Amino acid sequence: MTTPSLEIKELAFAYPDGNQALFGVNLSINKGERVALLGPNGAGKTTLVMHMNGIHPTAQGSVRIAGELVDAKNKESLKKIRSKVGIVFQDPDDQLFMPTVGEDIAFGPYNMGKRGAELEALVNEALELVGMAEFKDRPPHHLSFGQRRRVAVATVLAMKPEILVLDEPSSNLDPASRRELADILRSLDITMVMVTHDLPYASELCERAVILNGGVIVADDSTRNILTNKALLAANRLELPVGFTI
Amino acid sequence: MGERLYLHRHSIVHETASYLKVVAAIAFILVAVSTPITNWQAFIGYFIWVLIVAAIAKIPFTLLFKRALIEIPFIFFAILMPFFGSGERFVAGPFNLYREGLIAGAGIVVKGTLGVLTAIILSTSTTAREILRGLERLRLPALMVQIASFMLRYVNVVNDEMERMKVARDSRGFEATGLKHWRVLATAAGALFIRSYERGERVHLSMLSRGYEGVLPHDEVEKSKASSWFMVLMYPFVAVVILVVTTLIGNQ
């Protein structure tokens, strides 16, 4: 069996103010899988994501990316981990901070030590993947929200990550942008974790779903089985839109 | 905002490397500032030279003068100087002025205006982003360049946020008419500060996630040709010539 892209064992975490967010999370995701991470507000989803690349140091338990232990104290390994885990944050304005789209996409690979023609090629390839090639020299604030979200995805794709983590990818998008992003995500050959409240989106893109609630994984099954289990959804404050059937 | 000052034109001034322009602007200002104000002929020469350069840069004079109005609050006190002070006095029309104060005030106004005009030519012919690159090239500490470029990137975002907060306030019937509304405005400013601070933290997180270690990417440095150095240094050099010539004439 191959090494899983992401392997989390008994991960627990409490914030410095004593508020405990995670109580022993176990999750294993294989290479090439697309997994929806569902759960109500305050379930600990973002906290979990922050552990995947060592932004939050692992206090208890372990997180492994493609077999490599995430250790916030080991600077060298952390650098490798951060090139393997590409996190797309919810607000593209938080992610796009360089003066132009092209420079922003170059930021990650540059930090990985890429220079010159190689860097240029990575930037162009990432832009092509999200269909934003003609916007390379534009400043981010001149783009629409949907375009900025796509550029945000490109900024992490340029790092050739092992696993792509998206925080609420469909939020605030108009229906066409939402569908375009879905097409882009489906076209990528990459392991994907998608944090979302948008259940139809999850069912469209992910074959597997896990529900995180109260700091533990309460369900881990095919997306279809989870979304058709009304009692399970209700117990975790999740609801399909009215009129939506699978 | 940020790029609003830039005026897109094709001129030799626009096409010169930004760091050269920064060097030339600072050198010119140094020459102008170190000229004694009593050498008034030199200042006439400087002004003519500045206007010639503005014309070469294809900057409309009306735009130049409109933007120069920004210095008014700064020279306000300089204008008052002839009315206060001590020493020799003289009468000019309805006013009874102090000579020392007049000379000092005129010095501030004239030199300040030259500096402002130079800065306007620089900012009109160079994008803010290019000026930052120029400063980086001139070895301004990377941290300062980074802070300035973040400001450039986020000034619009924060501005939009402020605008949305204002719309939300107004939609609930708020109208800032007097002193008693300052409390609301102060609270809003505080909220905006906290939000911006939190955004700063989120931006930092997203930078860390992409492997940030304190260095922003920058372009490979390309050397400027001697001819561009020569051309751009004409700006302060002509000022030096004016200074020397007028001083010689004045001494005769």
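**Reading a two-chain predicted model**

Modeller: In chain B, the centres of domain 1 and domain 2, taken over C-alpha atoms, are separated by 35 Å. The model is predicted: local features need pLDDT of at least 70, side-chain atom pairs count only at pLDDT 80 or more, and totals for chains, interfaces and linings use all residues. Residues are numbered from 1 along each chain as its sequence is written, while chains are lettered from A and ligands numbered from 1 in the order in which they are written.

Biologist: Which residues does the domain assignment of chain B give to each domain?

Modeller: Domain bounds come from an automatic or database domain assignment. Here domain 1 of chain B covers 12–135 + 223–251, and domain 2 covers 141–209. Their contact takes 4 residues from each of the two domains, where contact means that C-beta atoms, placed from the backbone, lie within 7 Å.

Biologist: What order do the strands of the open sheet in chain A have?

Modeller: Strands of a sheet pair through backbone hydrogen bonds, either parallel or antiparallel. Strands (E, at least two residues) and helices (H or I, at least four) are DSSP runs, numbered from the N terminus, and two strands pair if DSSP finds at least two bridges between them. In chain A, an open sheet of 4 strands has the order β2-β1-β4-β5, with antiparallel pairing. Because β2 (20–29) and β5 (68–69) of chain A stand at the edges, each with a single partner strand, one side of each is left without a neighbour in the sheet. Strand β1 (residues 6–14) of chain A is joined to β2(A) by 7 bridges; A:Q20 in β2(A) is the bridge partner of A:A14.

Biologist: How many residues of chain A are in contact with chain B?

Modeller: There are 23 from chain A, in contact with 19 residues of chain B. On the chain A side, α2 (75–84), α3 (92–95), α4 (101–111) and α6 (145–157) each supply at least two residues. The largest share, 6 residues, comes from α4(A).

Biologist: Which residues have the most contacts inside the largest nonpolar core?

Modeller: A nonpolar core is a set of buried Ala, Val, Leu, Ile, Met, Phe, Trp, Tyr and Cys residues joined through C-beta atoms within 7 Å; a residue is buried if 20 or more other C-beta atoms lie within 10 Å of its own, exposed if 12 or fewer, and partly exposed in between. The largest core has 73 residues, and those with the most contacts inside it are A:V35, A:L37, A:A126, A:A154, A:V165, A:M194 and A:A202. Helix α6(A) gives the most to this core, with 6 residues. Apart from it lies another core of 32 residues, including B:A25 and B:V232.
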